[in-house]
Amino acid sequence: MPVAWIRWQTAATLYARKRVCWEAGEERFVVRGGTCARTGRVSELRIGSIIAVADRSRRFEGSAPLLTNRTLFQRDHNLCMYCGNQFSPGLLTRDHVVPASRGGSSAWENCVTACRHCNQRKDDRTPEEAGMKLLAIPYTPNLAEYLILSNRRIMADQMEFLLSFARKKAA
């Protein structure tokens with residue numbers, strides 16, 4: 001189960017502590033250390049681009065990924081969920097389908113991307129009350145989808161691995 005992006009330093013520590021259960025993917029990173037006084041050889045650690053660590057995924061079971069504007073806008077492909085137009089992130093807002101002032105939560109299932117104009121037009125009403133139709137139903141991305149949304153530089157083998165856990169779109 002994909003869980004999180006980690007820095008190479010954290011991965012090196014996990015390898016040194018023998019916490020890595022398995023590796024996947026083609027890419028390997030080589031981290032060089034010091035020189036052994038006895039042999040004169042430089043130490044090397046080869047780190048896989050995808051690693052599994054024992055018992056790390058259990059703490060994430062059933063938990064929703066962190067909702068941020070950046071990942072919300074990416075989930076919705078920078079589209080206003082009311083007018084359907086695409087905007088740059090600076091022109092987008094987070095809209096609460098059920099307004100926060102009326103008990104609506106800041107949860108994935110209650111938030112959509114909206115342009116400033118549509119958000120102001122909807123105001124403190126539900127879409128039905130404002131006469132505005134939602135173009136898509138808001139949903140909580142699973143951890144694999146969230147990892148795809150939250151990283152801008154994903155290697156091909158990492159993307160392939162994550163996509164195997166992502167929901168398949170209906171045809």
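1. Let's start with the charges: Arg32, Glu44 and Arg46 are joined in a network of salt bridges. By salt bridge I mean a side-chain nitrogen of Lys or Arg within 4 Å of a carboxyl oxygen of Asp or Glu. A quick caveat: this is a predicted model, where local features need pLDDT of at least 70, side-chain atom pairs count only at pLDDT 80 or more, and totals for chains, interfaces and linings use all residues. Residues are numbered from 1 along each chain as its sequence is written, and side-chain values use heavy atoms, with hydrogens and water left out.

2. Now the network in detail. Glu44 bridges to Arg32, with the closest N and O atoms 3.6 Å apart. Glu44 sits in strand β2 (residues 42-53) and Arg32 in strand β1, so this pair ties together parts 12 residues apart in sequence. Glu44 also bridges to Arg46, the closest N and O atoms again being 3.6 Å apart. As for accessibility (buried is under 20% relative accessible area, exposed over 50%, partly exposed in between, with a 1.4 Å probe and protein chains only), Arg32 is exposed at 56%. Glu44 is partly exposed at 44%, and Arg46 is partly exposed at 49%.

3. The whole structure holds 6 salt bridges. One of them links Glu129 and Arg102, at 2.6 Å from N to O. Glu129 belongs to helix α4 (residues 127-130) and Arg102 to the loop between β3 (92-96) and β4, so the pair ties together parts 27 residues apart in sequence. Glu129 counts as partly exposed at 44% relative accessibility, and Arg102 as partly exposed at 42%.

4. On to the rings. How many aromatic pairs does a search of the whole structure find? It turns up 1, with pairing defined as ring centres of Phe, Tyr and Trp (its six-membered ring) within 6.5 Å; planes under 30 degrees apart are stacked, over 60 edge-to-face, the rest tilted. The partners are Trp22 and Phe161, edge-to-face at 6.3 Å centre to centre and 65° between the planes. Trp22 lies in strand β1 (residues 20-35) and Phe161 in helix α6 (residues 156-163), so the pair ties together parts 139 residues apart in sequence.

5. There is a charge over a ring, too: the charged end of Arg75 sits over Tyr139, 5.3 Å from the ring centre. The criterion is NZ of Lys or CZ of Arg within 6 Å of the ring centre and within 35 degrees of the ring normal.

6. Inside, the largest nonpolar core has 10 residues, including Cys80, Tyr82, Val112 and Met132. Such a core is a set of buried Ala, Val, Leu, Ile, Met, Phe, Trp, Tyr and Cys residues joined through side-chain atoms within 4.5 Å. Its largest share, 3 residues, comes from strand β4 (residues 111-115). A second, separate core of 7 residues includes Leu67, Phe73, Leu92 and Tyr146.

7. Finally, the overall layout. The chain has 6 helices and 4 strands, taken as DSSP runs numbered from the N terminus (H or I, at least four residues, for helices; E, at least two, for strands). The radius of gyration is 21 Å, well over the 16 Å that the globule rule gives for 171 residues, so the chain is more spread out than a compact globule. That radius is taken over C-alpha atoms, and the rule is 2.2 Å times the number of residues to the power 0.38. The C-alpha trace spans about 75 × 35 × 30 Å along its principal axes, and 35% of the 171 residues count as buried.
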